[in-house]
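This briefing summarises the confidence, packing and local geometry of a single chain. The structure is shown first, and the notes follow by topic.

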Amino acid sequence: MALLLQASVLARSAFAASGLVSARTARSIASSSHSQAAAAQPLAAEDEGPAEPRWSHELGAVRTDWTRQEVTDVYSQPLLDLVFKAASVHRMYNDPSMVQRCTLLSIKTGGCPENCSYCSQSSYWSDDTGLKAEKLMDLEPVYEAALRAREAGSTRFCMGAAWRGPSQVGPRQWERVLEMVRRIRGLGMEVCTTLGMLTPDQAKQLREAGLTAYNHNLDTSPEFYGKITTTRKYEDRLSTLAAVRDAGISVCAGGIIGLGEGEQDRVGLLLQLATLPEHPESVPINRLVAVKGTPLQNQAPPSGLDLVRCIATARIVMPRTVVRLSAGRLDLSSAEQALAFMAGANSIFDGDKLLTTANNDRNEDEQMFQLLGLRSRPAFLNYPSGNDTSRDFAAAGTPSSSSSSSSSEASSSGCCGGGCGSKQQQQATA
């Protein structure tokens, strides 16, 4: 250090004496040398700051012991940082170009005895919504709808009934639903139902019929739930999820944003899902579609970027789960949906209707897939977070040699064995 300082003094004298530069310039050169010498000094050890948080250090780890503070920290990151981390996790477990196309059909519309404030099917506000209760659909029209969905490229067929649960209907209606599951599973499609609250015995019957997954959304955080419905409790939802899981059926459970909840309620919902005994096979993230006549008819929808933030957080805290970009896509741009796919969404619902609300046109979705370089996920591709029912094609509980042979032959020919159809079928429109 002393030598460097001495050299700077000598340099200033030499330049000034030479007459080649002015004394002022010589002082400037020497000052620069002095600054470089100072920079060469070893710096005092700086405070390294807080240690990297566990979730960041273990990014991509599958955990069920998340804390509220951790999920809050993930959710609260700057959006582009959050999407970058979520995209990194997404690629650890998933093909980012593969997105499943699902179809949802209301097999029993209206007349629901629950009072969910967002739902047009509640009997509490049917006079205001104008939606009248309908009977459970017959088997054949449902089967034909599933056929059309398969031909249009869907690989999962979901059926919803506006019930509190199957316990409110007679045995003949319940048997009809079980037969719908059997018939549609026989098409080589994944089958999902959402029928309200289940008993363990009802879950077992669905398992034996061949059900792939059961949807039962938590809707929002435990703290905000009472502001959305008062006819059931959060614990009722959790009990149904436990019955489904114990029966060996894959769990599909997510929620809705835009109900009037705060950001901590969104954190609370994702925390609840991420700390279940096992992560759900699927987590649908819905964006409220306000329906005229419901208590939330004037509720402004959350932005597309709000949706992306929730999807990205879900991807980080549940790395292997299928995150389903569900209701509320209709007014999202292709760019907003592209950001959602980048952040970890790997499923959409296609078809012109979701239960009772409008949905994106299949042709528009096909164009978006081509624009973004996306391809349809085949049926029964491995679900790392799925239960037994979404891991093989053979009818649940009743494996047969014919179905095993079919799966084997399809596998050897490059198909998943799930009856996903040819490429031409997947690209067809209804």
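Cys-116 is buried, with a relative accessible area of 7%, where buried means under 20% relative accessible area, exposed over 50% and partly exposed in between (1.4 Å probe, protein chains only). The model is predicted, so local features need pLDDT of at least 70 and side-chain atom pairs count only at pLDDT 80 or more, while totals for chains, interfaces and linings use all residues. Residues are numbered from 1 along each chain as its sequence is written, and side-chain values use heavy atoms, with hydrogens and water left out.

**Cysteines**

- The structure holds zero disulfides, a disulfide being a pair of cysteine sulfur atoms within 2.5 Å.
- For Cys-116, the closest cysteine sulfur is that of Cys-119 at 6.1 Å, which is too far for a bond.
- Cys-112 also has its closest cysteine sulfur in Cys-119, at 6.3 Å, too far for a bond.
- Cys-112 counts as buried at 10% relative accessibility.

**Confidence and overall composition**

- The mean pLDDT of the chain is 82, and 77% of its residues reach 70 or more; pLDDT is the predictor's confidence in each residue, from 0 to 100.
- Over residues 1–40 pLDDT stays under 50, and the model has 18 contacts beyond four places in sequence for them, contact meaning heavy atoms within 4.5 Å.
- Residues 393–430 likewise have pLDDT under 50 throughout, with 51 contacts beyond four places in sequence.
- The chain contains 16 helices and 12 strands, taken as DSSP runs numbered from the N terminus (helices: H or I, at least four residues; strands: E, at least two).
- Of the 430 residues, 52% count as buried.
- Among contacts between residues at least 6 apart in sequence, 75% join residues at least 24 apart.
- The accessible surface comes to about 19,300 Å², with 52% of it belonging to carbon and sulfur atoms; such areas come from the Shrake-Rupley method with a 1.4 Å probe, and for residues only the protein chains shown count as cover.

**Nonpolar cores**

- The largest nonpolar core has 81 residues, and those with the most contacts inside it are Trp-66, Ile-107, Phe-157, Met-159, Leu-206 and Ile-311; a nonpolar core is a set of buried Ala, Val, Leu, Ile, Met, Phe, Trp, Tyr and Cys residues joined through side-chain atoms within 4.5 Å.
- Helix H12 (residues 304–317) gives the most to this core, with eight residues.
- Another core, of eight residues, lies apart from it and includes Phe-224, Ile-256, Leu-288 and Leu-296.
- Beyond its neighbours within four places in sequence, Leu-206 has contacts that include Trp-174, Leu-178, Tyr-214 and Ile-249.

**Positive phi values**

- Most residues other than glycine have a negative phi.
- Asp-219 has a positive phi of about 75 degrees although it is not a glycine.
- Asp-219 is found in the loop between strand E4 (213–215) and helix H10 (234–246), and it is buried at 2% relative accessible area.
- Phe-380, also a residue other than glycine, has a positive phi near 65 degrees.
- The loop between strand E12 (375–376) and helix H15 (401–412) holds Phe-380, which counts as buried at 8% relative accessibility.

**Surroundings of Ser-76**

- Ser-76 is found in the loop between helix H4 (68–75) and helix H5 (79–93), and counts as partly exposed at 47% relative accessibility.
- A polar atom of the Ser-76 side chain lies 2.7 Å from the backbone oxygen of Thr-72.
- Ser-76 and Thr-313 are 237 residues apart along the chain, yet their C-alpha atoms are separated by 9.2 Å.

Terms used:
A polar contact is a pair of N or O atoms within 3.5 Å; within protein, one must be able to donate a hydrogen and the other to accept it, and residues adjacent in sequence count only if both atoms are side-chain atoms.
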